[in-house]
Amino acid sequence: MPYNLVVLVKQVPDTKRITGDAMRDDGTVNRGALPAIFNPEDLYALELALELRERYGGRVTVITMGPPQACQVLRDSLERGADDVVLITDRRAAASDTLATSYILSCAVRKVGQEAPVDLVLCGRQAIDGDTAQVPPQTAEKLGLPQVTYVESVEEIAGGRLRAKRNTGRGWERVEAPMPCLLTVTDQGPEPRPASAKRIMAIKRARSRAELQGEVAAAMPGATPEAVAAEVEKRAAALAARGLLIPQWTLDDIRADLQWCGRDGSPTKVKRIQSVILKGSGFKKVEPTKEAVADMVHELIEDHTIG
Amino acid sequence: MTEPNRKGDVWVIAEQNDGQLHDVSLELLSKGRQLADTLGVRLAAVLLGAKVQEHAQRLVQHGADAVLAGEDNRLGHYQTNPFAKVVAGLVQKHRPQIVIFGATPVGRDLAPRVASAVRAGLTADCTDLDIGEHVEAHTNRKYERLLYQIRPAFGGNIIATIVNPERWPQMATVREGVMRMPDADAKRRGQIMRFTPDLAASDFALKILEHQSAVRKVNLKAARIIVAGGAGVGGKENFRLVWDLANALGAAAGASRAAVDAGWIDKDHQVGQTGTTVRPALYIAIGISGAVQHRAGMSEAQKIVAINADPKAPIFSVAHYGIVGDLNRVIPMMIDAIKKRV
């Protein structure tokens, strides 16, 4: 039986490659100085969805919310085999905390479900920029779906129920959940496949209107807004004819109630950000000699740290 | 849930796994006690399980003024929906001002579900909590006595302080091992309010077919001394040196993520943001460069000795003693010195 699978993904700054350049003097992060990547665990969620589609048939729709450049993770998803992708982009969604983000994503999943009911929502366990792991359970709650977090594998889907193995931190659990449900997938899931070279050639030109807008505006300096808009429409129509126009939804398109979105919809506020300051108080340098090491051990015994 | 309830209690959501009370619940009580005393309100714990009486008493002895103890045979093993339903229902009924959970796999599964149900803000993985005032930049409005939710973000490169000025309760998950465990006071008295949660069969959406808990082989949190090795140790064979030094000191062996990922030592030994947070009397870091994720898990140690071939390794920034040198030579020297003096 084919399943309608929705994967929620995020483009994140590569926090593992953070350097001093990425931190501003005021302690805030200069996201522009870091490469933007596909959130690692979201790739595992996508892979699991693609494997389930291969086993049972169905469609894989990938949704991301973000600025126009977040389309890169959608192209990446198409190259790896996703059937459909959607960009949720809207200035009014800026400054959303996890609660507001989950509300917006739940509205988007509902809209996907209007065409055909959604059977399964898959998410990475957490995103490396915030490490909160909150958005998936909050999205599940808003959609009224059961959640299975920290999934490592899906054994079987049968009779409207899904069997999965999840990591409980202290061990593991095999659970059976009714469908539809939401899963969060860890990096112990199936290894993400690389993008197919053939698909890369086909898809690298795919764009959303928001991206076209930026590209056209840059290519036509001094042009009137009308001229830019006309050119965007022309390019969008050409892409659409070849199936390469990435759909883009606003908060209005997904019928989101604005009071639950963006800054207004976010109960949490950032009071202060500090970059992590190294203690820098200086340490006692011990030479790698027998005598110096013995002296250090002696000091640690003297102050009762050892013994 | 929108209106702040200034008279509301401070709540700790206790966690028990198959009958065992989780240490983090007791750690949260020590911080919860401070917060409640600062605010002049009660500290209450919520405990759900198949059996609750004995653990409810322990929660009182560790600082709770009251325990809301929900008992149901079906709650012996955690699953999301019924736990979230009961906790969200209690929050809506009693309107606590602060609700804290352990940032364990269970807490991180449960807390967002509850927060979404009551439409409250939630901050993940806090390493500290405090009470203070806040002026909202956009409105210039001043708020008194808010919960400061302090957490590392951006891969540990920044520390953020989060507040929930207007929509309460103020909810947070708190990392294990970062708060001190309070001592039990057998004389402490508190109110234990037992109740039977209103749960239908349909609330148990999941069927747990099978589960297995691996017993942790090491208890790093309880160790007075930890000797930890990282990528610089070079190989599984060479990791022997870490064990040798640990044995000479009667210490526990720890490791950085790199050493665990390389398969030199079991994950139970991992110290750091994704492993265990420790605060021993002495932490000896061998061949650990000291990525911020690792430092987040050990920088609270009272004394830190770093041994590394690279004089620029960030681990030295938190060290009290630093030895730049070859660990193959330095560790035998240390073992020798320890054996001679002790």
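Domain bounds come from an automatic or database domain assignment. The model is predicted; local features need pLDDT of at least 70, side-chain atom pairs count only at pLDDT 80 or more, and totals for chains, interfaces and linings use all residues. Residues are numbered from 1 along each chain as its sequence is written, with chains lettered from A in the order in which they are written.

**View 1. Domains 1 (10-203) and 2 (220-341) of chain B.** Their C-alpha centres are 33 Å apart. Each domain of chain B gives eight residues to the contact (C-beta atoms, placed from the backbone, within 7 Å).

**View 2. Crossing of helices H3 (residues 98-115) and H4 (residues 135-143) of chain A.** Helices (H or I, at least four residues) and strands (E, at least two) are DSSP runs, numbered from the N terminus. The two axes, lines fitted to C-alpha atoms over the stretch in contact, come within 8 Å and cross at roughly 50°, the angle running from 0 to 180 degrees between N-to-C directions. H3(A) and H4(A) are therefore oblique to each other (angles under 35 degrees count as roughly parallel, over 145 as roughly antiparallel, 65 to 115 as roughly perpendicular and the rest as oblique). Contact residues include Leu105(A) and Val109(A) of H3(A) and Val135(A) and Leu143(A) of H4(A).

**View 3. The side of chain B that touches chain A.** Here 69 residues of chain B meet 65 residues of chain A. H4(B) supplies the largest share of the chain B side, eight residues.

**View 4. Pairing of strand S15 (residues 284-286) of chain A with S18(B).** The strands run in the parallel sense over three bridges (pairing needs at least two DSSP bridges). Val286(A) has Ile323(B) as its bridge partner.

Technical notes
Contact = placed C-beta atoms within 7 Å.
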